[in-house]
Amino acid sequence: MDASTDPRSRQRTLAYYVQRFGSLRTNVRKDGKSPHKPAMLLAVLECFEAGEIRVNQIQFNGRLLAHFAAIFEAVRGEADRCNPALPFFHLRSDRFWHLQAKPGCETALAVVRNLRSARSVEEVIDHAYLDEELFALLLQSESRSALRQALLNAWHSPNAENVRA
């Protein structure tokens, strides 16, 4: 039995990503953690649930942005501003989320430290993609549920209860 068919291997992989989702590198303010990255990952989970993601390419498109906006609105703090470009770009620092540049924009993406607007994301990034192991897990309902719960458990937002588990 190889690692791809060994159920213990899959569980270790799921455990690894549960740990990673539970320890996202988020912006920390005096009133708590920024909800942007957790909201973006919850939006991605919603896209998987709805069958909107079938290949390992996460498009910065209307469906993702609508899921993000609905989740963000439910959990945002008073000072939070809905800007999906920030987590779409900065999730790359968590090392399971990767960005594919548009043709001709590879150097720009390699050197840029921040993309603050949807227009910037749309100009430079073709799509995001996940570690292959994480993508395979997100195709499974039980794994999505475990990862959603990890996000909600680690997210110390007073409004986190507004997101379905």
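The lining of the largest pocket divides into 3 nonpolar, 6 polar and 4 charged residues; here Ala, Val, Leu, Ile, Met, Phe, Trp, Tyr, Cys and Pro count as nonpolar, Asp, Glu, Lys and Arg as charged, and the others, Gly among them, as polar. The model is predicted, so that local features need pLDDT of at least 70 and side-chain atom pairs pLDDT 80 or more, while totals for chains, interfaces and linings use all residues. Residues are numbered from 1 along each chain as its sequence is written, and side-chain values use heavy atoms, without hydrogens and water.

A pocket is an open set of points on a 1 Å grid over the protein atoms alone, where a 1.4 Å probe fits, with protein on both sides within 12 Å along at least five of seven lines; lining residues have an atom within 4 Å of a point. Of the 13 lining residues, Asn-27, Ser-34, His-36, Leu-86 and His-90 lie nearest the centre of the largest pocket. Two or more lining residues come from each of α2 (36–49) and α4 (85–90), helices being DSSP runs (H or I) of at least four residues, numbered from the N terminus.

The packing of α2 against α3 (residues 62–75) is summarised below.

| Property of the α2 and α3 pair | Value |
|---|---|
| Angle between α2 and α3 | about 130 degrees |
| Distance between the axes of α2 and α3 | 8 Å |

Contact (heavy atoms within 4.5 Å) involves residues including His-36 and Met-40 of α2 and Phe-68 and Phe-72 of α3.

Definitions and conventions:
Axes fitted to C-alpha atoms, helices over the stretch in contact; angles between N-to-C directions.
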